[in-house]
Every structure is written in structure tokens, then in C-alpha cells.
Amino acid sequence: MKTNMRAALAGLATGTAMLAGMMSQAHAEDIKVGMLLPYSGVYAALGQDIDDAFALGLETFGADAGATFDIIREDDEVKPPVGLAKTKKLILQDEVDVMVGIVSSGVLGAIRDTVDGAGVPLIVANAGNDEATGEACSPYITRVSFSNHQVNTPMGQWMVGQGVKKVFTIAPDYAAGRQMIDAFTAAFTAAGGEVVGQEWPAFQKTQDFGPFLANAKASGADAVYVFFAGGEAISFVKQYDSFGLKADMPLYGSGFLTSSLYVNAEGPAAEGVITALHYVPTLDNPENAAFVAAFKEKTGRIPSEYAVHGYDAARALVEAVKSGATDRDTLAAALPKVAFTGPRGDLRIDPATNNIVQPIHVYETVAGPDGLTQKVLATLPAVADPVNGCQMPSVN
Ligand code: BEZ
């Protein structure tokens, strides 16, 4: 009898342990993440910053997510056809549950139909292509970075308010350059300013900006407004200064021009340049202080706007998983609903477009004790991007 009782209790204990094991196994999802970034080419440093901060975000927030995250990395080389081929590989061969990354608006435009058609959720961690959250929006695309329109529109109004009346614009000739300058131009002219000339140097091919700077100088503009990022931003800012333009024609732009990622490579040429962006590492809030310290500890660098996109993309993914999402459809449905307070403040996604809602900071690059730093001049309130033709279908 005693023996039978012991056996019964032992059996019960084994069954309970098995059940607990099964329950914890049922909760321990393996989420395959397809990370598509430029690890080579003119935006390679941007891609690495996003990747490093994504890893930090998973370390910081993912420990109790009840899931493991396997990252499969692919290099899009900042080339739309390469990005498309790598997307197909990640979706069809690797069978990823979610894609993260995309720096170039050109690459985002090239892969949009494929992720939408395959029903694979994509967390955009940089590319600002307006169409992806406008007329080509998709329930599978959620953007935690910015839109090209969002970053540049407030600066058009702000500059007119500062007394700048005539501007010459320069930007690389691809989707991001065109959209950023179009958004700035629309806001600047609506506020009473005049764009007196525009140049569109070939993207990834222009080494010498001299001919474009000569045209800007001859235009009679009060100032120059530009978009450049990565290696092109470093070359442009240095050449603008050595051309002798900075004193007579102040340089303005979207804040990628003087990103904290490479502003010290631009050196004194960047001092006094005024730009606008959705994140600068000098934002004064506790979440940003923690992020800056942790990122510095991990990489030895100050985090940039690219880093904050990677960090928030990881947190958005973790929050979606914590809310119960386990596969492509449930992740796609959960991602636009995430909301949290991060280094940029309160983060939320506009359900009408799946684009992030956030304020924009106008900042001047100034000399600080440890190199160049960002002095915020104005913070322009958070507004949702216009719907811009987006008719958001629900996830099937
Ligand atoms: C873009 O192509 O959307 C982009 C690239 C670098 C910085 C900002 C935007």
C-alpha cells in the first residue's frame, strides 16, 4: 500500500514536472529575425549602429520575453536590387518571422511589395520613404524611425520664422533626397520663403560637390538647405566649409547631415550648422540617460539617431512578443499597437499609417568638452504624418 502510494505520488510529480516543462516550452518561442542592413557601401556605419543598438535593445528588454531571438543578417549594400534579392532569401529560404532594418528609402521602395505580398512583418529602423506609410502603406510595415516628410516639414516653417527668406537646396538624387527636399520646399514656400535653385548630385557617385556649391554661391540665396547622410554628409560638410561658403550662406538641413555618428569626422566644418531631427543624444530624460550610458559601455560610442531606431525596434519586437504574438500575422497585428517611453520620450505608432508620432528638435552643432555636440534650439511638437493616400487594410 505504502509502495503504491509512493509510486502514485512519484507519477504525479513526474506528470506535473512534464506539464510545467511543456508549458514553459510552449511559451519559449524561437523568433527568427531577418536583419537587412547596409553592412557595406556609403551607409555601412549607419547599418552597424542600428545593429549594435538592436542587440543592446534585446539584451535590455528581451530577457523576460519568453522567447529567443535568432538574427539572420544580410547586407543590402545600399542597392535596391540587392536588397530585394536578400529579402526574398530571408523570406523564402530562411523563413523568418519578422524583418528588421532598411536604411535607404530606395531599398524600402524595392522590397515593399515583397514583404506585403508574403505577409511578413517589417519593422523599419531607418528608411524614411514617405510612400511606405503613405499611398503604399501596408499592415505588415511598421516604422519606428521617421518619415522623410516628418523630419523636414517643421524646418521649413521654423527657418522662415528665423528670417531666412531665400534658400538653395542640394540633395542626392534618389527617393530620400527628393522627398526630404520636396517636404522642406512645400513648408518653406507655404510660410512665405522662396527656393531660388536646386541641385541633385548623383547618389553614391559624387565625390566633388564644387560645381553644385558654385551654383549655390551664385544664386543669391540667404542660406543652403540640404540632405546628406553617412560618408556623403562628411564630404559635403567639409567641402562646404573649405569652399568658404559657411560665413556668408549658413548651412541648414535635416539632422542626418551632422549626426553624432560622424560629426567628429566632419570636425570644425560642422560647427554652427543648424539641422532638425527626431533624436539627439543630448535629450534630457532618464530613459535617454540610461540608453546613452549602456550604448557607450557596449560600443564606446555616443548613440546616434540610427542607434535609437535599432534600440526601439528591438523593444517594439519584444513588446509585441510579450503581448502574445508568436508568428508573422500576430506580430504584424501587434507591432503597430506597441507604445512605451524610450530615449525619444513617449513612442506610439499612428494606426492610420503605421508611422511613428514624435516631436522634432532643431539643433545646432557646437563645440563641447569632449568634441562636437548638439545644442537643442527648439522642439517642434509631435504631429502624425498626413495619411497621404494610405488606406490601411487589416492583417488577414
Ligand atoms: C533614407 O534613404 O531614407 C535615409 C538614409 C540615410 C539617412 C536618412 C534617410
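Reader: Is Ala332 buried or exposed in this model?

Author: The model is a predicted one. Burial is judged by relative accessible area, and a residue under 20% is called buried. Ala332 has 3% relative accessibility, so Ala332 counts as buried.

Reader: Where does Ala332 lie, and which residues does Ala332 touch beyond those up to four places away in sequence?

Author: Ala332 belongs to helix 12, residues 328-334. With residues up to four places away in sequence set aside, Ala332 touches Pro121, Pro139, Tyr140 and Val395. As for Val321, its C-alpha is 11 Å from that of Ala332, and the two residues are 11 positions apart in sequence.

Reader: Which parts of the chain does the pair of Asp52 and Arg301 tie together?

Author: Asp52 is in helix 2 (residues 44-61), whereas Arg301 is in the loop between helix 10 (286-299) and helix 11 (305-322), so this pair ties together parts that are 249 residues apart in sequence. Asp52 counts as buried, at 17% relative accessibility. Arg301 counts as partly exposed, at 27%.

Reader: What N to O distance is found in the salt bridge of Glu74 and Lys89?

Author: The side chains of Glu74 and Lys89 meet with an N to O distance of 2.7 Å. Glu74 is buried, with a relative accessible area of 14%, while Lys89 is partly exposed, with 24%.

Reader: What are the closest N and O atoms doing in the pair of Lys79 and Glu77, that is, how many Å are they apart?

Author: In the salt bridge of Lys79 with Glu77, the closest N and O atoms are 3.2 Å apart. Lys79 counts as partly exposed at 42% relative accessibility, and Glu77 is partly exposed with a relative accessible area of 26%.

Reader: Where is Asp94 found, and is Asp94 buried or exposed?

Author: Asp94 is in the loop that runs between helix 3 (80-93) and strand 3 (98-101). Its relative accessibility is 13%, and Asp94 therefore counts as buried. Apart from neighbours within four places in sequence, Asp94 is in contact with Lys32, Ile72 and Lys89.

Reader: How do the axes of helix 3 and helix 4 cross?

Author: A helix pair is described by the approach of the axes, the angle between them and the handedness of the crossing. The axes of helix 3 and helix 4 (residues 105-118) come within 8 Å and cross at roughly 25°. Angles under 35 degrees count as roughly parallel, and helix 3 and helix 4 are therefore roughly parallel to each other. The crossing of helix 3 with helix 4 is right-handed.

Reader: Which residues make the contact of helix 3 with helix 4?

Author: On helix 3 they are Pro80, Gly83, Leu84, Thr87, Lys88 and Ile91, and on helix 4 they are Gly106, Val107, Ala110, Ile111, Thr114, Val115 and Ala118. By class, this contact has 8 nonpolar, 4 polar and 1 charged residues.

Reader: How do the axes of helix 5 and helix 6 cross?

Author: The axes of helix 5 and helix 6 (residues 175-190) come within 7 Å, with a crossing angle of roughly 35°. Helix 5 passes helix 6 in a right-handed crossing. The residues in contact include Asn148, His149 and Val160 of helix 5, and Ala175, Phe184 and Phe188 of helix 6. The contact of helix 5 with helix 6 divides into 10 nonpolar, 7 polar and no charged residues.

Reader: Where does Lys165 lie, and what is Lys165 in contact with?

Author: Lys165 is in the loop between helix 5 (148-161) and strand 6 (166-170). Lys165 counts as partly exposed, at 44% relative accessibility. Leaving aside neighbours within four places in sequence, Lys165 is in contact with Val160, Phe188, Gly193, Glu194 and Asp222. Lys165 and Ala221 are 56 residues apart in sequence, and their C-alpha atoms are 8.1 Å apart in space.

Terms used: Residues are numbered from 1 along each chain as its sequence is written. This is a predicted model: local features need pLDDT of at least 70, side-chain atom pairs count only at pLDDT 80 or more; totals for chains, interfaces and linings use all residues. Side-chain values use heavy atoms; hydrogens and water are left out. Helices (H or I, at least four residues) and strands (E, at least two) are DSSP runs, numbered from the N terminus. Buried means under 20% relative accessible area, exposed over 50%, partly exposed in between (1.4 Å probe, protein chains only). Contact means heavy atoms within 4.5 Å. A salt bridge is a side-chain nitrogen of Lys or Arg within 4 Å of a carboxyl oxygen of Asp or Glu. Axes are lines fitted to C-alpha atoms, for helices over the stretch in contact, and angles run from 0 to 180 degrees between N-to-C directions. Angles under 35 degrees count as roughly parallel, over 145 as roughly antiparallel, 65 to 115 as roughly perpendicular and the rest as oblique. A crossing is left-handed if the near helix is turned anticlockwise from the far one by less than a right angle, and right-handed if clockwise. Ala, Val, Leu, Ile, Met, Phe, Trp, Tyr, Cys and Pro count as nonpolar, Asp, Glu, Lys and Arg as charged, and the others, Gly among them, as polar.
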